[in-house]
Amino acid sequence: QKRAVRVCRGVYGNGYHVAGALSNLAKLLWGKGQPERAMEKLEEAHAMHVELNGEDHSDVVDVLGNMAILLSDQGKCAEGLAIHQKVLDIRRRTLGSDCDEVACSLLILGCNYSEQGMLDEALPKLEEGLEIVRRIHPERNAMEGSFLAQIGNVHSQQGRLEDALAWYRKAYRILRKTMGPGSVDVASLMINMGNAFRKQGKVGEAMEKYEGALAIQLLAHGDMHPGVAHSRYALAMCKKEAGDVQGAVEGLREAKRILRSMGISHSVAVSVDDALQMLGVGT
């Protein structure tokens, strides 16, 4: 990819093709666990697209979206949220309110607010997005299932676990029908259902959901993926609560190995380290 950037610069100058090559290089660096260098390339690509096409062009929006996700992956959540909001504002301005792109931005913002515990900000975004999806897609739609699942997450964080599970079940029916039973979206939903069961003290039901999610993730992603690490962590904590300390330690160490190899040191990685220390194993 570095050679591709050099070739494009030589042939086209700092134009569209170079910006595209920089974005591709950023994705490669990101996947290799070099987020700082990836961000540098994305920022360069963003500046080029703005110069070529203006602030509101779709290529600018695409790069901004990748920048926001990368910032969130680095634990820079406030910066990521600000960029996601900028993307939403551009889409409203250029596309109007009733479109999939605006609904998608609302979903992303709702998810990010929820992950930061900003539930009062999350729920209005999710409810607005759900209304948009239902207006433009009167038939059952996968995005509707995603909104239902995220609203369930908010209820779960509020401690309203039965309400959360009711939202999750609605989402599960839609996602299995629209995305297929082996989709990663279904896996993510199963993890959330497992979390709700675990909070209720229903460890057996929780483990069943986590194991189902892990099986889907392994088929979809292979072993080296953050979602796989998250599922292994969740399963390990259930095993700990069930008295299987050795199984818990093995699962936590495997989760740590995956996260470390991907350069991820925040969020679930911190939880994994804390759990290992709590078990007296160290990291």
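Student: Where is the place of His 225?

Tutor: This is a predicted model. In it, His 225 sits in the loop between α11 (203–221) and α12.

Student: Is His 225 buried, exposed or partly exposed?

Tutor: Read the relative accessible area. Buried means under 20%, exposed means over 50%, and partly exposed is in between. His 225 has 25%, so His 225 is partly exposed.

Student: Which residues does His 225 touch, not counting residues up to four places away in sequence?

Tutor: Ile 258 and Met 262. The side chain of His 225 also has a polar atom 2.9 Å from the backbone nitrogen of Gly 227. For a distance along the chain, take Glu 211. Glu 211 and His 225 are 14 residues apart, and their C-alpha atoms are separated by 16 Å.

Student: How do I read the packing of α11 and α12?

Tutor: Two packed helices are described by the angle between their axes and the distance between the axes. For α11 and α12, the angle is about 155° and the axes are 9 Å apart. Angles over 145 degrees count as roughly antiparallel. α11 and α12 are therefore roughly antiparallel to each other. The crossing of α11 with α12 is left-handed.

Student: Which residues make the contact of α11 and α12?

Tutor: From α11, they include Tyr 210, Ala 213, Leu 214 and Gln 217. From α12, they include Gly 227, Ser 231, Leu 235 and Cys 238. By class, this contact has eleven nonpolar, three polar and four charged residues.

Student: Take Ser 231. Which helix does Ser 231 lie in, and is Ser 231 buried or exposed?

Tutor: Ser 231 lies in helix α12, residues 226–241. The relative accessible area is 0%, so Ser 231 is buried.

Student: What does Ser 231 touch, not counting residues up to four places away in sequence?

Tutor: Ser 231 touches Ile 191, Ala 213, Leu 214 and Gln 217. With Gln 217 there is also a polar contact between side chains, at 2.6 Å.

Student: What angle do α12 and helix α13 pack at?

Tutor: About 160°, with the axes 8 Å apart. Helix α13 covers residues 245–261. That angle makes α12 roughly antiparallel to α13. The crossing of α12 and α13 is left-handed.

Student: Which residues make the contact of α12 and α13?

Tutor: On α12, they include Val 228, Tyr 233, Ala 236 and Met 237. On α13, they include Gly 247, Leu 252, Ala 255 and Ile 258. Divided by class, there are ten nonpolar, two polar and four charged residues. Ile 258 is also one of the residues that His 225 touches.

Student: How do α9 and α10 pack?

Tutor: Helix α9 is residues 161–179, and helix α10 is residues 184–199. Their angle is about 160°, and their axes lie 10 Å apart. α9 and α10 are therefore roughly antiparallel to each other. α9 and α10 make a left-handed crossing.

Student: Which residues of α9 and α10 make this contact?

Tutor: Among them are Leu 165, Tyr 168, Tyr 172 and Met 179 of α9. Those of α10 include Val 186, Leu 189, Met 193 and Phe 197. The classes are 13 nonpolar, one polar and four charged.

Student: Where is Gly 182, and is Gly 182 buried or exposed?

Tutor: Gly 182 is in the loop between α9 and α10. With a relative accessible area of 53%, Gly 182 is exposed. Gly 182 and Leu 279 are 97 residues apart in sequence. From C-alpha to C-alpha, Gly 182 and Leu 279 are 34 Å apart in space.

Key. Residues numbered from 1 in each chain as written. Predicted model: local features only at pLDDT ≥ 70, side-chain atom pairs only at ≥ 80, totals over all residues. Heavy atoms only, no water. Helix = DSSP H or I, 4+ residues; strand = E, 2+ residues; numbered from the N terminus. Buried < 20%, exposed > 50% of the residue type's maximum accessible area, 1.4 Å probe, protein only. Polar contact = N/O pair within 3.5 Å; in protein donor to acceptor, adjacent residues only side chain to side chain. Contact = heavy atoms within 4.5 Å. Axes fitted to C-alpha atoms, helices over the stretch in contact; angles between N-to-C directions. Parallel < 35°, antiparallel > 145°, perpendicular 65-115°, else oblique. Left-handed = near helix turned anticlockwise from the far one by under 90°. Nonpolar A, V, L, I, M, F, W, Y, C, P; charged D, E, K, R; others polar.
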